[in-house]
Structure formats: C-alpha cells, structure tokens
Amino acid sequence: MTGEFAFRGVVRTAAAVLVVAALLALGSLLPASNPLSVSPFVVTLAGKYLAYAMLALAVDLVWGFVGILTLGHAAFFALGGYAMGMYLVREIGARGVYGNPDLPDFMVFLSWKSLPWYWWGSDHVLVAAVLVLAVPGALAALFGWLAFRSRVGGVYLSIITQALTYALMLAFFQNGLGFGGNNGLTDFKDVLGFDLHQPGTRAGLLIISALVLAGAMLATRALVGGRFGRLLIAVRDAQSRTRFLGYRPDQVKLLVWVASALIAAVGGALYVLQVGIINPGEFAPANSIESVIWVAVGGRGTLSGAVIGAVLVNLGKTLFTAWLPELWLYGLGALFIATTLFLPQGLVGLGRHINRRRDEVTPEVTRPAGDAA
Amino acid sequence: MSDRRRRIALLALLGVALAGAPAPSRAQTVDAAPPVAAAADPYAGLTSPHFEAIAAAVGRLGTEGAPQAQAVLRALSAHHLFVAEDGGLYVREGESWTDARTGAPVTSAPAGVRAVRENNRVRGALAQAMAGQALLAGDAAARRDAAARLADHPDPAMLPVVDRALATPHEAGLEAPLRRARAAMLLSPGAPATGEQAQSAAVRVLRDAGGLDARAVLARFAADETAPAEARQAAQSAIVTIDRRIRLWSLAQQVFYGLSLGSVLLLAAMGLAITFGVMGIINMAHGELVMLGAYTTYLTQKTLMAVAPGLAAFSLPLAVPAAFLVCGAAGMLIERGLIRFLYGRPLETLLATWGLSLVLQQAVRSLFGPTNVAVATPGWLAGSFQLGGLTVTLDRFAIMLFAGAVMGAVFLVLRRTALGLQMRAVTQNRRMAALMGIRTARVDALTFGLGSGVAGLAGVAVSQIDNVSPNLGQGYIIDSFLVVVFGGVGNLWGTLAAAMTLGVGGKALEPLVGAVSGKILLLVLVILFIQRHPRGMFPLRGRGVES
C-alpha cells in the first residue's frame with residue numbers, strides 16, 4: 001500500500017538520472033582524442049530521452065494514479081515544443097535564409113507582411129516561458145473541465161483525447177495557421193545568446209533537462225505520496241464510491257490532468273531545445289500511444305518506472321532502427337503485447353516482485369462491479 | 001412504324017454506313033468525278049495563308065453534305081492536308097498523294113508542299129465542322145456527341161445542318177440535344193431573324209434544358225440590345241430559373257458525396273460497432289483488418305488474373321466472401337490468442353491491439369512492399385451516370401449499396417439467428433448465459449470474427465476508392481471510433497446515423513472552410529458533442545450508477 005515508504009525508487013531514479021546526465025555532459029567537454037569523450041550526438045540523444053521521460057512521467061501521473069488512459073498527451077508535449085520553437089525562431093533574427101529581421105523564414109516565403117498577433121512577445125524569453133506553460137495548460141484545463149464535468153471516462157475519454165491530438169495535427173499541418181506548416185519550426189541558432197551548436201551549450205541543456213526531470217519526479221512524488229495520493233487511487237479504482245463519500249472526483253482529476261499537461265509541455269520545450277526541430281508529426285496519435293507504452297513497460301503508477309521505460313524503449317528504438325530498421329515495428333508491437341499480457345506492473349513491478357518488496361507497488365487496478373466505465 | 005418508313009430508315013442507315021467508310025477506298029470509286037468549278041471552289045480558302053480564311057472555309061465545308069468535303073475535313077484533322085506551290089490541295093496517305101478537290105490519285109508527288117496552317121481558331125472551326133458532318137452522316141453515338149457539341153458551342157452557321165438532321169428520321173435520344181442546339185443557335189449572335197415567337201420558344205427550350213452553356217447563351221441574348229424586349233425578359237427569368245436549379249443540383253451533389261463518404265465510414269465502423277459496441281473490446285487493429293481485406297481483394301484479383309483472365313471482371317464479387325473469411329479467421333485468431341486474456345481490462349486491450357496493429361502493418365509491408373499495390377476497378381464499376389443534374393459515379397454508388405447490404409446482413413445475423421441471440425445474451429449477462437448452456441468462449445470468438453469479417457468487407461470497398469498500402473488502416477481507425485462513440489455504443493442505428501451525419505457534415509463544411517479545416521471543425525464538434533452527451537446520439541440507457 002502507498003504509505004510513508006512509498007516511491008523510494010523515485011529518489012534513486014532521479015539521482016541516477018542526474019549522475020548519468022552529469023557524466024555524459026562532462027564527457028562531451030573532453031577533447032575528442034580522450035577515450036572517455038562523448039560525442040555531441042550522444043548528448044543530444046540523451047537530452048531527447050530525458051524530454052520523452054518528462055512526457056512519460058506526465059502520462060503516468062494521469063494513467064497510473066487517476067486511471068485516465070490518455071492517447072493525446074503528445075498534444076501538450078508538442079504545444080509546449082511549439083511555444084519554445086517560436087522563441088527560438090525569433091532568436092534567429094536576420095540570420096535566416098531571407099535575412100528578414102522581423103519575420104521567420106517561412107512567413108517571408110509565404111509573403112506575409114507582418115507577424116500574426118499570437119506571435120506577439122514571442123521574442124522575449126519570459127513571455128516564451130509563460131506560453132510554454134499557459135497554452136497547453138489552458139487547453140488541458142478547458143478539455144478536462146468539459147470532459148470530467150460530464151463524466152466522460154474510460155475508453156470514451158481515450159478516444160476523444162486521440163481525436164484532439166489528431167485535430168491539432170491536421171491544423172498544424174496547414175500553412176495558414178502560421179507555424180510553418182509541414183516543416184514546422186527549425187534551423188534554430190541560439191538560446192539566450194548561447195550557440196545551440198556548441199558542445200558547452202548542449203552539455204548545459206542536458207544538465208538542465210536532468211535537473212528539471214528530477215524536480216518533476218520529486219514534485220509528482222510529493223503530489224501522489226500523501227493523503228492526496230490516496231484520494232487519487234480512490235478516484236482511479238472506485239470513482240462512484242469516492243463521490244458518494246463526499247469528494248469531487250471531477251475536480252481531483254482536473255487538477256492532476258492540468259499538472260500532467262504542464263509536465264508534458266515542459267518536456268516538449270526541452271525536446272525542441274535539444275533536438276532542434278518541432279513539426280506537426282509530433283502531434284500524431286501514434287506518438288501519444290507510444291508514450292503510453294513507455295509507461296507500461298516501466299511500470300504504471302510507479303513514477304520511476306515511467307522514466308526508466310521511456311529511456312529504455314527509446315534506447316531500444318535508436319539501436320533497433322540503426323541495426324535492423326525493418327524489425328523495429330515488430331519489436332515495438334511485440335513489446336506492447338508482451339507487456340500487457342505478461343508484465344502488467346512493468347519492469348519496476350517485476351523487480352519488486354523479485355525483491356519481494358511489494359509494499360511499494362500501488363494496489364493493482366481492481367474494478368468493483370458496476371464501475372466498468 | 002410502317003413498313004415503308006422502316007425501309008427509309010434502313011436506307012438512311014445504309015447511307016450513313018457508306019459515308020462512314022474510310023477515305024482512301026472512296027478515293028478510287030469517285031475517280032471520274034468532274035472537277036469542281038473554280039469560281040465556286042469551296043476549298044480555295046484552305047490554301048490561304050490567313051487563319052481567318054481557312055477557318056471560314058472549314059466552316060463552309062461543315063455544312064456540305066458531299067463525301068469529298070468530309071474526306072478533306074478528316075484529312076485536315078489528321079494533319080494530312082497539304083497545299084502545293086500551284087495552289088493545289090493534296091491529301092497524303094502514307095507515301096501516296098491524292099488531289100483533295102477531286103479525290104483522284106496523283107502519280108508524282110506535288111512540288112513545294114506545305115501543311116495547311118492551323119491555329120486554335122481553325123481547330124475550333126474544324127471540330128465544329130466535323131460535328132456537323134457527324135450529325136449528318138455518323139453512327140448513333142457520333143450523332144449524339146455531335147448534337148451535344150453543337151448545343152454547347154452554338155454557331156448559327158450550322159443551323160441548316162441541325163434543321164436537316166431534325167427533318168430526317170432520327171432516334172429518340174437525339175431529339176432533345178438537337179432541339180437544344182437549334183434553340184441555342186437561334187439565340188446566338190448572327191442568327192437569322194426568326195421573330196419574337198420563335199425566340200421565346202427557344203428561350204423556353206434552353207430554360208428547360210438548363211446547364212451552364214445554356215445559361216451563357218441566355219445571358220448573352222438577354223444583354224443583346226437589338227433583341228425584342230419580351231424575349232429578353234423571358235431569357236432573364238429563365239436565367240434565374242436555371243441558376244436556382246443549378247444551386248439545387250449542386251446541393252444534391254454535395255449530399256450525394258456526403259452520403260458516399262458516410263457509407264465508407266459506415267462500412268469501416270460497422271465492424272467496430274460489433275467488436276467495440278457489442279463486446280466492449282477496443283480493437284485498435286481494426287484498421288489493419290480493413291487493410292487486410294483490401295489486400296485480400298488485391299490477391300484475389302491477382303490470382304484470378306493468373307488462373308482465369310477471362311473472369312477477372314468478377315474478382316470483386318469473389319473478393320467479398322474471401323475477405324470476409326480471411327479477416328474473420330484472423331479476427332478469431334486474435335480473439336483466442338490475445339484478447340481473451342484481457343477481458344475486463346479495456347485499456348490494456350487497447351494497448352495490446354495497438355501493438356498488434358504495428359505488427360500487422362509491418363508484416364504486410366514486408367510481404368507486399370511499402371508502396372501502394374494496384375487494385376483494378378472492374379469495367380462495370382467504372383464511369384458514371386447522370387441522374388438529372390447529379391453525376392453519380394458508379395463505384396461510389398456501388399459502395400453505398402454495398403454498405404446498405406452489409407448493414408442489413410449484420411442486422412439479420414444479430415436479430416434473427418441463434419448466434420445473434422447468443423451474442424446478445426453473452427454480452428448482456430455472461431454468467432447467466434453460461435449457466436443457460438451457451439458456450440461463451442465460442443460465442444466470443446465468433447462475435448469477434450464477425451466484426452473482423454465485416455472490417456474485411458470494408459476493405460474490399462475501400463480498395464476501390466483509396467490507395468491500398470500498409471498504412472491504409474491508420475486513416476480509418478480514428479474516424480471509425482468516432483463514428484461508433486458518436487452514434488452511441490451498442491446501437492447499429494446510431495452507427496448508421498453517425499456515419500451519415502459525419503459524412504454529409506464533412507462534405508457540407510468542405511466548400512465553406514476547406515477540406516482540412518472542415519475535418520478539424522468536425523472533429524472539434526464531435527469532441528464537444530461527446531462532452532455534452534458522453535454516450536453518443538442514441539445511448540442505451542440503463543439504471544446503473546455509471547450508465
């Protein structure tokens with residue numbers, strides 16, 4: 001049961017993330033001749049994994065603790081990414097292909113005369129930081145408020161979250177929306193005056209990502225660890241009973257839902273900083289579903305499992321697609337099937353099972369009769 | 001029809017057949033024809049270097065019934081007509097030359113020949129003249145085409161041709177286009193003065209015929225200051241009538257497109273309505289079952305081509321049972337091998353079947369390659385027919401009928417067979433059904449097989465209108481789920497209503513905001529609708545706290 005001992009693994013995992021990130025960052029600063037040197041590619045890759053880990057953490061928060069299987073969390077991730085991308089595009093300034101100091105290249109290309117109103121202030125880092133949180137947060141609040149108030153749940157909620165991200169993908173593919181259409185936002189030069197292509201900047205970004213991820217892990221642990229965490233589990237496993245006891249499951253869900261969207265959005269911003277491109281493909285429903293499998297592989301409802309799952313699955317994807325590209329989808333598909341059939345608690349659950357430390361596993365999802373929705 | 005008239009018709013047909021014979025054979029038979037008098041030489045214009053003179057001469061030839069005029073026109077359209085230095089006109093057939101004016105063979109090649117000059121204007125006049133010729137001496141189809149062309153490009157100079165065609169006996173189908181052509185010619189600039197009565201009658205003919213070409217003629221006539229005021233007014237009101245009719249028909253056309261899109265959605269969603277709606281299984285591999293159905297169609301076609309090429313046209317009717325069986329079997333395999341371990345865990349089922357969909361996609365990609373495969377549309381499904389102002393493409397129409405038939409069949413199975421009864425019993429109360437002696441595991445497999453087989457049927461239909469590629473299924477999965485949820489889970493009528501609403505709604509939004517924005521708007525509207533009505537349009541009501 002979740003008690004005061006719960007989620008010790010979170011602290012350990014957060015510490016591990018920090019140590020590995022620091023080692024990689026240091027390694028990348030060594031001269032290339034040094035045997036311990038780490039290539040910038042690996043640093044970027046590690047940064048990407050950490051950004052994905054943020055997304056996985058966000059998914060775990062809503063799926064593992066309030067039972068909302070979101071198939072559209074990549075929408076918040078990508079929106080956060082776009083908000084960061086807007087700032088980075090404005091940082092390019094007159095160094096773009098067309099040399100226009102006011103307009104990003106794609107707008108010059110579309111022969112737009114001025115910035116659309118919603119790009120206002122995007123050249124200021126503070127405004128950009130607010131946008132990264134405010135836009136996905138507002139969307140999540142609106143969507144969640146509507147959905148939870150009318151008690152849309154279970155599969156229905158999953159399907160409309162998927163429709164939401166699908167609709168956003170279609171919208172962002174359009175040139176007229178003013179976010180670069182098909183190509184998205186890319187070709188970034190620097191952030192806050194630091195050249196994005198310098199190893200030092202990359203190492204710094206990796207450290208920042210690790211710190212943010214660790215912070216998010218500890219924050220979510222605090223959120224789900226205490227009394228409030230028990231309420232979440234109650235909402236997840238017996239929503240009607242919780243309501244009859246006088247709680248407001250819709251408000252609880254909304255709070256966690258928005259918090260989760262914010263974590264995903266920050267992940268998206270970190271992703272864009274390190275990967276250097278954001279395009280509408282990030283909204284694809286398949287991405288959202290993939291992020292769910294990271295959580296499932298690592299262990300649903302364990303927080304640390306989400307991070308471990310995201311890193312491991314993406315590491316596997318990187319290696320597989322490099323060595324045996326045509327086998328990757330078989331592997332991913334088999335992973336989905338094997339995890340759901342044989343590893344309902346994920347790797348973390350498996351580890352605990354072996355260590356017989358079941359006290360840390362959140363109660364298995366049991367559905368009282370009549371609570372099937 | 002009296003004997004005498006039949007004989008005349010036969011003679012006319014014979015004449016048509018003779019006139020339609022190829023030019024060279026006739027060149028020999030009219031060897032001895034007397035040379036045409038130079039003063040009235042209708043061919044002189046063709047030798048001119050000026051396009052206008054050439055076009056005028058071509059137009060004049062068009063109203064001539066003489067066989068030689070036809071031969072010259074045909075030679076001109078085939079670029080075989082040449083002008084010699086001496087002003088002679090010659091037709092070249094391979095290596096041999098004939099005199100165009102007489103049709104007599106020429107022994108030595110004429111000196112200094114150049115092709116008769118052509119530009120768009122000459123080509124227009126040529127098409128017109130050929131139409132006139134075809135009207136007088138073509139076969140039935142050629143005559144119909146010619147009449148339609150003359151009606152769409154009215155030229156008063158062709159009036160005598162049309163009058164002659166109207167005066168001679170002709171098939172019933174030709175009457176309307178001829179009347180239309182005549183009316184349009186009477187109202188075109190340069191028409192002979194016929195008086196207000198005839199013009200008003202012509203306006204009525206065009207009004208009843210409708211269409212953009214008739215509208216253009218009427219608009220030009222209405223703007224003509226010299227025409228009688230009353231006829232002009234009639235033309236003006238005829239334009240309003242035609243406009244209204246065109247708007248109505250284009251609306252009807254949009255509705256047809258919408259219903260056609262709705263039928264595709266219905267087919268794709270019907271399988272889900274069974275597996276998700278009735279059984280409560282979220283099968284994310286449903287789209288891939290549709291894809292398998294499309295590939296089964298492809299394989300059936302390919303096999304039939306190899307085994308019995310003569311029967312290739314019937315590959316679709318054969319693909320229907322084949323796809324049903326293949327996908328049904330695949331579905332039962334999936335149910336027994338995967339889904340039965342996950343009953344009661346809908347969200348885990350979702351993930352597992354998503355994984356399965358990835359595997360199926362990759363398997364098909366490995367087997368058939370990542371690119372589209374070509375599924376041929378049989379001849380009897382190609383083309384379209386006109387229903388009033390409505391263009392009904394046969395393949396879309398067939399899909400609508402097919403969707404209706406599949407829906408009817410599914411209804412019959414669910415409502416009128418023992419299996420359907422058992423299915424409903426098991427899904428409503430599994431324990432009770434088991435106690436009654438129903439083998440619930442078998443019913444589960446069969447139900448899932450039925451839903452999967454129906455997905456395969458959708459694949460057959462989709463193969464006719466969409467690219468058949470490994471990614472085919474992904475394009476349908478989100479829409480299908482939305483249709484089922486929108487319509488109300490467990491309710492086939494709701495699925496039908498939702499599919500048609502989404503289809504027609506999508507097509508109605510398309511001209512207003514564009515295709516993609518229309519789709520986005522529709523998605524947002526459905527999301528909002530589900531927020532208001534979480535159980536869809538036609539929910540199955542229960543008394544449980546969660547329902």
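Reader: Start with helix H18 (residues 440-462) of chain B. What span should its 23 residues have, and how far apart are its end C-alpha atoms?
Author: At 1.5 Å a residue H18(B) should span 33 Å, and its end C-alpha atoms are 33 Å apart, which agrees. The expected span is 1.5 Å times one less than the number of residues. Helices (H or I, at least four residues) and strands (E, at least two) are DSSP runs, numbered from the N terminus.

Reader: What kind of model is this, and how is the numbering done?
Author: It is a predicted model, in which local features need pLDDT of at least 70 and side-chain atom pairs count only at pLDDT 80 or more, while totals for chains, interfaces and linings use all residues. Residues are numbered from 1 along each chain as its sequence is written, and chains are lettered from A and ligands numbered from 1 in the order in which they are written.

Reader: Back to H18(B): how many of its residues are buried?
Author: 18 of the 23 are buried, so H18(B) is largely enclosed by the rest of the structure. Buried means that 20 or more other C-beta atoms, placed from the backbone, lie within 10 Å of the residue's own.

Reader: What about the radius of gyration of chain B?
Author: Chain B has 33 Å, but a compact globule of 547 residues would have a value near 24 Å. The radius is taken over C-alpha atoms, and the globule rule is 2.2 Å times the number of residues to the power 0.38. The C-alpha trace of chain B spans about 105 × 60 × 50 Å along its principal axes.

Reader: Which value does chain A have?
Author: Chain A has 21 Å, which agrees with the value near 21 Å for a compact globule of 373 residues. Its C-alpha trace spans about 65 × 55 × 40 Å along the principal axes.

Reader: Where do the two chains touch? How many residues are in contact?
Author: 37 residues of chain B are in contact with 42 residues of chain A; contact means C-beta atoms, placed from the backbone, within 7 Å. On the chain B side, H14(B) gives the most, with 14 residues. That side divides into 26 nonpolar, seven polar and four charged residues. Here Ala, Val, Leu, Ile, Met, Phe, Trp, Tyr, Cys and Pro count as nonpolar, Asp, Glu, Lys and Arg as charged, and the others, Gly among them, as polar.

Reader: Which residues have the most contacts inside the largest nonpolar core?
Author: They are A:Ala53, A:Met54, A:Ala56, A:Leu57 and A:Val307, in a core of 207 residues. Helix H2 (residues 40-66) of chain A gives the most to this core, with 18 residues. A nonpolar core is a set of buried Ala, Val, Leu, Ile, Met, Phe, Trp, Tyr and Cys residues joined through C-beta atoms within 7 Å. A second, separate core of 62 residues includes B:Ile54 and B:Leu126.

Reader: Strands now. In what order do the five strands of the open sheet in chain B run?
Author: The order is E4-E3-E2-E1-E5, and the pairing is antiparallel. Strands pair if DSSP finds at least two bridges between them. The edge strands are E4(B) (105-106) and E5(B) (114-115), each pairing on one side only.

Reader: What about E6(B) and E7(B)?
Author: Strand E6 (residues 384-387) and strand E7 (residues 390-393) of chain B pair in the antiparallel sense over four bridges. Their hairpin has two residues between the strands, and B:Gly388 takes a positive phi near 65 degrees.

How values were computed
A residue is buried if 20 or more other C-beta atoms lie within 10 Å of its own, exposed if 12 or fewer, and partly exposed in between; C-beta atoms are placed from the backbone. Two residues are in contact if their C-beta atoms, placed from the backbone, lie within 7 Å.
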